[in-house]
Amino acid sequence: MDYDVIIIGGSYAGMSAGLQLARARRKVLVIDAGQRRNRYATHSHGFLTQDGRPPEQIAAAGRAQLMRYATVQWLDDWVEVAEPVDGGFRIVAQRGSAHTAQRLILATGVQDELPELPGLTQRWGKHVFHCPYCHGYELQQGHIGVLAVSAMSLHQALMLPDWGATTLFLNDAFEPDAEQLAHLTARSVRVERGRVARLDGEAVDVVMQDGRVFSLAGLFVATRVRPGALAAQLGCELEEGPLGPYVKADFTRATTISGVFACGDLARPAGSVALAVGDGAMAGAAAHRSLMFGL
């Protein structure tokens, strides 16, 4: 085997996993395609000691610290093939290089599937968000909107009044029943029916098809997520979460395939930078334990 462990995905979870293994003097290869999930956000919040720092700075500092360890190598590339071989696993990168390792850690994150609404994509991570804990405080208790995409959007709408006066735009996605409407009323959530035509304005103006305009400090939307093909390619079992599928992993971040671990947003129904770092630390330590004891 070329390496003890190959980590696919070099964002927060992957680097955290790599750090545990590097400090155990294990030979590690990190392969990263440079597509951090929060790359559109200007600042990251909720991660102790890093609150308010640009995410690219957090990632750069993490990589610099990891690469101080002589047993770690880094490859900027996509992984196209991951397969079991005798004694471990073989991966093939997009540019053609092939590498083997005794263990794999999947830390590829997920891709957000955004609603097809004019004006939304260019505001993603700046004025349109999915996580109130990450971005709600900075809206300074201004007017907040929730763009409904399914019944799951009810949960977002009920949460958000703690961050500002909230309007739920049903957008013909679902119709709350009497009990749900009572919950929304109890939380002082305003409900607007009708289709949203587009997003406009300096920050975010919700323009309805009937011409009404609602100016907001921020808009939240529950995106669907896609975990990528590698976990399924390896045979890892997936679970269906409220926002889409994710890789099933136990508390040590071991998947249903022996020798394969998964961490970060890829392996939980919802996540954050802080959770990804903790997940990665557990995956790295568990992978090391499996190398020592053959588990």
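**Close-up views of a predicted model**

A search of the whole structure finds 17 salt bridges (a side-chain nitrogen of Lys or Arg within 4 Å of a carboxyl oxygen of Asp or Glu). The model is predicted: local features need pLDDT of at least 70, side-chain atom pairs count only at pLDDT 80 or more, and totals for chains, interfaces and linings use all residues. Residues are numbered from 1 along each chain as its sequence is written, and side-chain values use heavy atoms, with hydrogens and water left out.

**View 1. Arg26 and Asp4 meet in a salt bridge.** Their side chains come to 3.8 Å, N to O. Arg26 lies in the loop between helix 1 and strand 2 and Asp4 in strand 1 (residues 3-8), so the pair ties together parts 22 residues apart in sequence. Helices (H or I, at least four residues) and strands (E, at least two) are DSSP runs, numbered from the N terminus. Asp4 is buried, at 14% relative accessible area. Buried means under 20%, exposed over 50%, and partly exposed in between (1.4 Å probe, protein chains only).

**View 2. Asp112 and Arg37 form a salt bridge.** The N to O distance is 2.7 Å. Asp112 sits in strand 7 (residues 111-113), Arg37 in the loop between strand 2 and helix 2, 75 residues apart. Arg37 is partly exposed, at 21%.

**View 3. Asp32 is buried yet has no salt bridge.** Asp32 belongs to strand 2 (residues 28-32). The nearest side chain of opposite charge, Arg63, is 5.7 Å away (Lys and Arg count as positive, Asp and Glu as negative; His and the chain ends are not counted). A polar atom of the Asp32 side chain lies 2.8 Å from the backbone nitrogen of Gly10. For the backbone nitrogen of Gly34, the distance is 3.0 Å.

Conventions
A polar contact is a pair of N or O atoms within 3.5 Å; within protein, one must be able to donate a hydrogen and the other to accept it, and residues adjacent in sequence count only if both atoms are side-chain atoms.
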